[in-house]
Amino acid sequence: MRRSPLAPARGPLRTEPFVVGVLAVLVALLAAFGVLALRQGPQDPSADGPAAAPSGPEEAAAVPDDVLALLPHREEELRAGALVAAEFVAAYATTDPEESPAERMERLGAGLSDGFAARLEQALAAPAAERGPEGAVRAEAAVRGIRSVGETSVVFLVSAAEAGGGEPIQEYAATVAREEDRWLVYDVQFADAGDSGDGGDGAL
């Protein structure tokens, strides 16, 4: 059920389910890189001339001991980025008609990039009828996957639902990027609309 998250919000948030999602994401990443390694086989970039053919099935199926080391982010960094994405989506999907746009922006404003904060503030300034449905909804969020991984950014797929096992609200693609020692939210889109991280069509 698609529900615009731009109605104002208030109240405690629940993001505990993201932990299971992050573990599943990491397992999926390891599996994906394992398959890639199986297809490519071992390579020695320092060797001259064409690479020698594998001597047997065991050599052809060699997989690096630490597949996660192939990623540009350490495991703890991915966990931290997933937490930022899940917390933001839970807050973003929570609605409360008694909260003003300024109050909601103050609640959502921490941890956002300057560009995304400016676009979000502009969207929240729209008339209430354009921001979303009436009625209070407290949301929780869970990371379900990773759409893409860059040198400094990750696009997480995050599902929002009413807290306490309630009705699903929407799945989002949330872009987070590292600046110095912290992750910032750079963009959020409906997952089925895609998320390029550059402010394209999406949830705003």
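Colleague: Let's start with V143: buried or exposed?
Modeller: Buried, because its relative accessible area is 0%. "Buried" means under 20% relative accessible area, "exposed" means over 50%, and "partly exposed" is in between, using a 1.4 Å probe and protein chains only.

Colleague: Before we go on, what kind of model is this?
Modeller: It's a predicted model, where local features need pLDDT of at least 70 and side-chain atom pairs count only at pLDDT 80 or more, while totals for chains, interfaces and linings use all residues. Residues are numbered from 1 along each chain as its sequence is written, and side-chain values use heavy atoms, leaving out hydrogens and water.

Colleague: OK, so where does V143 sit?
Modeller: In strand β1, which covers residues 139-149. Helices (H or I, at least four residues) and strands (E, at least two) are DSSP runs, numbered from the N terminus.

Colleague: And how far is V143 from Y172?
Modeller: In sequence they're 29 residues apart, and in space 9.5 Å, C-alpha to C-alpha.

Colleague: Zooming out, how many helices and strands are there?
Modeller: The chain has six helices and four strands. Starting at the N terminus, the order is α-α-α-α-α-α-β-β-β-β.

Colleague: How much of the chain counts as buried?
Modeller: 40% of its 204 residues. The accessible surface comes to about 10,900 Å², and 53% of that belongs to carbon and sulfur atoms. Those areas come from the Shrake-Rupley method with a 1.4 Å probe, and for residues only the protein chains shown count as cover.

Colleague: New topic: how do α3 and α4 cross?
Modeller: The axes of α3 (residues 75-93) and α4 (residues 101-108) come within 10 Å and cross at roughly 170°. The two helices are therefore roughly antiparallel to each other. Which residues make the contact? On α3 they are F88, A91, Y92 and A93, and on α4 they are R104, R107 and L108. By class, that contact has five nonpolar, no polar and two charged residues.

Colleague: How many salt bridges does the structure hold?
Modeller: Five. A salt bridge is a side-chain nitrogen of Lys or Arg within 4 Å of a carboxyl oxygen of Asp or Glu. One of them joins R119 and D187, at 3.1 Å, N to O.

Colleague: Which parts does that pair tie together?
Modeller: R119 lies in helix α5 (residues 114-124) and D187 in strand β4 (residues 182-190), so the pair links parts that are 68 residues apart in sequence. R119 is partly exposed at 27% relative accessibility, whereas D187 is buried at 0%. Elsewhere, salt bridges that share partners join R74, E76 and E77 into one network.

Colleague: What about R79 and E75: where do they lie?
Modeller: Both are in helix α3, four residues apart, about one turn of the helix. R79 is partly exposed at 30%, and E75 is partly exposed at 31%.

Technical notes. Axes are lines fitted to C-alpha atoms, for helices over the stretch in contact, and angles run from 0 to 180 degrees between N-to-C directions. Angles under 35 degrees count as roughly parallel, over 145 as roughly antiparallel, 65 to 115 as roughly perpendicular and the rest as oblique. Contact means heavy atoms within 4.5 Å. Ala, Val, Leu, Ile, Met, Phe, Trp, Tyr, Cys and Pro count as nonpolar, Asp, Glu, Lys and Arg as charged, and the others, Gly among them, as polar.
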